[in-house]
Every structure is written in structure tokens, then in C-alpha cells.
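Open the model in your viewer and follow the stops below. Each stop says what to select and what is there.

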Amino acid sequence: MGSLLPDEKLENPNSLDQLHHQKDVDAGALFVLKSKGSWMHCGYHLTTSIVAPPLLSLPYAFTFLGWTAGILSLVIGALVTFYSYNLISRVLEHHAQMGKRQLRFRDMARHILGPGWGRYFVGPIQFAVCYGAVVACTLLGGQCMKAIYLLSNPNGTMKLYEFVIIFGCFMVILGQIPSFHSLRHINLVSLVLCLAYSAGATVGSIYIGNSSKGPEKDYSLKGDSVNKLFGIFNAIAIIATTYGNGIIPEIQATLAPPVKGKMLKGLCVCYLVLIVTFFSVSISGYWAFGNQSEGLILSNFVDNGTPLLPKWFIYITNVFTITQLSAVGVVYLQPTNEVLEQTFGDPKSPEFSKRNVIPRVISRSLAITISTIIAAMLPFFGDINSLIGAFGFIPLDFILPVIFYNLTFKPSKLSPIFWLNVTIAVAFSALGAIAAVAAVRQMALDAKNYRLFANV
């Protein structure tokens with residue numbers, strides 16, 4: 001046991017010795033990224049950040065790809081993200097063992113690629129991705145609430161932005177939870193909820209697919225050859241966003257030292273849930289509705305105001321979705337909270353002193369208020385999100401991990417792992433660029449329908 005202690009001391013970012021040695025330990029690292037969690041807690045955080053309601057748009061992605069390419073894209077997405085998340089975790093473990101534990105994505109980039117990369121590339125991209133996810137969760141929460149409202153009151157006059165504001169108020173309360181680690185119980189509930197609404201979406205799709213109520217099954221790809229081509233890249237951006245995480249270092253930062261091997265166990269928990277949910281929802285949804293699958297598969301359960309399933313079933317599935325959306329939103333708020341805490345917090349004062357609590361409550365409430373206003377103003381945020389997916393999730397989750405690994409461990413240029421990593425980086429850089437173009441084109445096509453505070 002004695003030989004382990006020096007390592008433990010080195011690996012513990014919250015030990016007083018290391019805090020005195022690290023010049024850049026700030027209130028953000030100290031209060032938001034507390035290192036107290038187990039691998040199981042890590043599994044809950046990972047599941048909440050990846051297995052989220054955007055998976056309900058997977059059948060829609062299949063409408064651009066068809067059966068073979070759709071399932072193949074899902075499999076490749078699962079393999080590549082599991083591999084790259086494991087690589088980034090290995091790099092973080094390596095630095096922890098060297099006594100330089102990295103707690104944030106931008107710290108990793110600064111350490112491995114140089115200071116400019118952390119400050120001007122990885123930091124802003126991660127902030128855009130995570131804050132964009134908060135806006136998207138708020139908008140989606142409002143849309144699900146509106147769906148329940150219209151089902152119970154078809155002639156209701158409440159507008160979408162009113163529901164978005166209600167959801168935003170709920171988020172303001174949840175957003176005050178102090179640290180990432182303190183979300184562990186919420187994220188366990190979130191794991192159960194994502195299984196629950198995925199089961200609801202799957203059972204609902206199979207029921208409608210087997211009844212005469214559903215549309216005629218047509219799996220042909222719609223549009224001319226140009227639209228089909230851009231559709232494929234749009235679908236890839238949707239799938240990349242669904243698999244995206246963008247906060248692996250911050251999740252690993254919540255682990256109590258020693259961190260070795262814990263992240264892999266957490267990833268296994270997450271991917272077990274992911275395989276069950278992603279594949280069941282996408283296959284059953286696309287099987288039942290074919291190329292009529294909507295952007296959110298739950299929208300297919302109501303046809304021109306007529307529910308195709310018992311109303312209580314649609315209510316429950318939507319309620320599960322709304323509740324998990326709030327947990328996902330709070331998880332993606334953590335990098336923003338960490339920056340706010342770093343800016344306004346004082347690491348020398350206690351975490352719950354007036355000096356820290358007042359700026360924390362004001363800054364977090366303001367951040368969520370701004371995201372709620374954006375969601376209410378821009379209800380076409382789905383288009384913007386596929387752009388964020390192409391510009392943000394693809395670099396953070398597919399490209400940077402393999403580059404970090406090659407630069408840290410310097411595998412031989414003759415080794416298969418070196419070339420596998422280079423291939424992944426090149427292929428996904430090209431895909432990201434094309435997907436970004438496809439997303440911009442989609443925004444240009446939909447621009448004629450854009451209106452601020454539109455009631456869609």
C-alpha cells in the first residue's frame with residue numbers, strides 16, 4: 001500500500017500540496033469540478049450527456065440515409081466515439097500519473113497543443129457546443145410541453161415561447177446545484193428516464209406500425225440527387241450531435257483519485273444504455289413511419305391533431321422526455337458554470353460564503369435567462385444545432401482525441417494505432433467541413449420560414 005500513496009497524492013487535484021503548486025487553480029476547478037465521484041457516478045454523468053432526447057431524431061436521420069447506410073452510420077458512430085472517448089481518458093490518466101491532472105478540455109489543449117489552441121479554438125468551441133445544448137434542451141422542453149397542452153386542449157391559445165419560458169424558470173432553479181459531482185443522483189434518475197421514454201417511443205412506433213393507423217411504409221429517399229446528397233451530410237451531422245459529448249475531461253475531473261481504469265467502466269455503463277436506446281428507437285421509428293419520420297419521433301404519434309395512441313401513453317412519454325431534458329441541460333451548463341465561477345468566485349473564501357454564493361446565483365440565473373430568451377426567439381434552433389454539431393461535436397469528439405493521443409504517447413508511425421488515428425482525424429475533418437456546408441445550406445433553405453418568437 002505504501003507505494004501507492006505518493007501516486008495518490010500526485011493524482012489528487014484537491015490535495016492542498018498540489019493546490020499550492022498549481023498556479024492556475026481557481027474557483028471553477030475547486031467548486032464546480034470537485035473530484036469525489038466513483039466510476040458508477042461517472043457512468044451516470046456520461047449517460048445523461050450522450051443518451052439524451054436528440055436520440056428521438058434518429059429515425060429522421062434515417063430518412064436521408066435509408067436502412068443500410070443508417071444502421072451502418074449508427075454502428076460506426078458508436079465504435080468511433082467509444083474508441084475516441086477511451087483515448088482521451090487514457091491521455092488524462094497519463095497526465096494524472098505524471099502529477100499534472102488536467103480538469104478541463106481547454107487545459108488539455110493548452111498543455112498538448114499550446115496556449116493559443118486552448119484559448120482561441122477548444123475553449124470557444126466547447127463553450128458554443130455546451131451553451132448551444134442548453135438552448136436546445138430549453139427549446140425542446142418547451143416543444144414537448146406545448147405538445148402535451150395541444151393534446152389536452154386542441155384549441156388552446158398559449159404560444160411556444162410561453163412554454164419555453166416556463167421550462168427556463170425550472171432550469172434556473174436546477175442550475176443552482178453547486179457542483180458537477182452533486183448532480184450524480186439527478187443523473188441516475190436521468191438514466192432511468194432515458195430508458196423509459198426510449199421504451200415508450202419504441203413500443204408506440206411498433207404499435208402504430210402494426211395497426212392500420214400509421215402511414216403507408218415507404219423507405220425511398222426523397223428529393224432530387226442534390227437534395228439527397230446534402231441530406232446524407234445533414235443526417236451525419238444529426239448522428240454526430242446525438243453521439244456528441246464535448247465534456248469528457250470535465251466528467252473525468254469528477255472522479256476521485258486514483259482515476260486509472262474508472263472512466264472505461266463508466267463508458268461501458270453508458271454504451272450499454274446507448275446501444276439499447278439508440279438502436280431500438282431508430283429502427284422501430286423508421287420501420288413504422290419510413291420517410292414520413294418527423295424531426296422528433298414523438299410528433300408522429302399525433303396525426304393532424306388526432307392521437308394514434310392512447311393519450312395517457314403520449315403524455316407519459318413526453319413527461320419522461322421533459323424531465324430528462326432538464327437534467328441534460330444542467331449537465332451541459334457545467335462548463336459555463338465553471339467559467340462563471342472562475343471569473344466571479346474567490347477560491348480563498350469558503351464555497352458557501354456570501355462572497356461566493358451571491359455572484360454564483362446571479363451569474364448562473366443570468367446565463368440561463370439568456371439561453372431561455374435565445375430558445376424563445378429562435379424556435380428554428382434545430383438548424384443551428386446541426387451547424388453546432390458539425391463545427392463543434394465533430395472536432396471535440398472525433399478529431400481532437402486521436403490527435404491528443406498521438407501527440408502524448410507518440411506511437412510508432414509503423415503501428416496500426418497511429419494510422420487508425422490519422423485516418424479518423426482526416427476522415428472526420430472532411431465530414432465535419434461538408435456537414436457544416438450542408439447545415440448552412442439547410443438554414444438558407446429554411447430562412448424564409450424564420451420569424452422571431454415564431455409559434456411552431
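Start in the largest nonpolar core, which has 110 residues. Such a core is a set of buried Ala, Val, Leu, Ile, Met, Phe, Trp, Tyr and Cys residues joined through side-chain atoms within 4.5 Å. Buried means under 20% relative accessible area (1.4 Å probe, protein chains only). Select L56, F278 and F404: these touch the most other members.

A note before moving on. This is a predicted model, where local features need pLDDT of at least 70 and side-chain atom pairs count only at pLDDT 80 or more, while totals for chains, interfaces and linings use all residues. Residues are numbered from 1 along each chain as its sequence is written, and side-chain values use heavy atoms, with hydrogens and water left out.

Stay on L56. Beyond its neighbours within four places in sequence, L56 is in contact (heavy atoms within 4.5 Å) with Y197, A201, V281, G295, L296, I297, L298 and T321.

Next, select residues 160-174. This is helix α8, with 15 residues. Helices here are DSSP runs (H or I, at least four residues), numbered from the N terminus. Now colour L160, F163, V164, F167, G168, M171 and L174, the buried residues of α8. They lie on the same side of α8, because they cover an arc of only 140° around the axis. The arc is taken from the directions from the helix axis to the C-beta atoms. Show α7 (115-152), α9 (184-210), α13 (311-344) and α14 (354-377): the buried residues of α8 pack against these.

Finish in α14, at N356. N356 is buried, at 1% relative accessible area. Its side chain reaches the backbone oxygen of P350 at 3.0 Å.

Terms used. Helix = DSSP H or I, 4+ residues; strand = E, 2+ residues; numbered from the N terminus. Expected span 1.5 Å × (residues − 1). Buried < 20%, exposed > 50% of the residue type's maximum accessible area, 1.4 Å probe, protein only. Polar contact = N/O pair within 3.5 Å; in protein donor to acceptor, adjacent residues only side chain to side chain.
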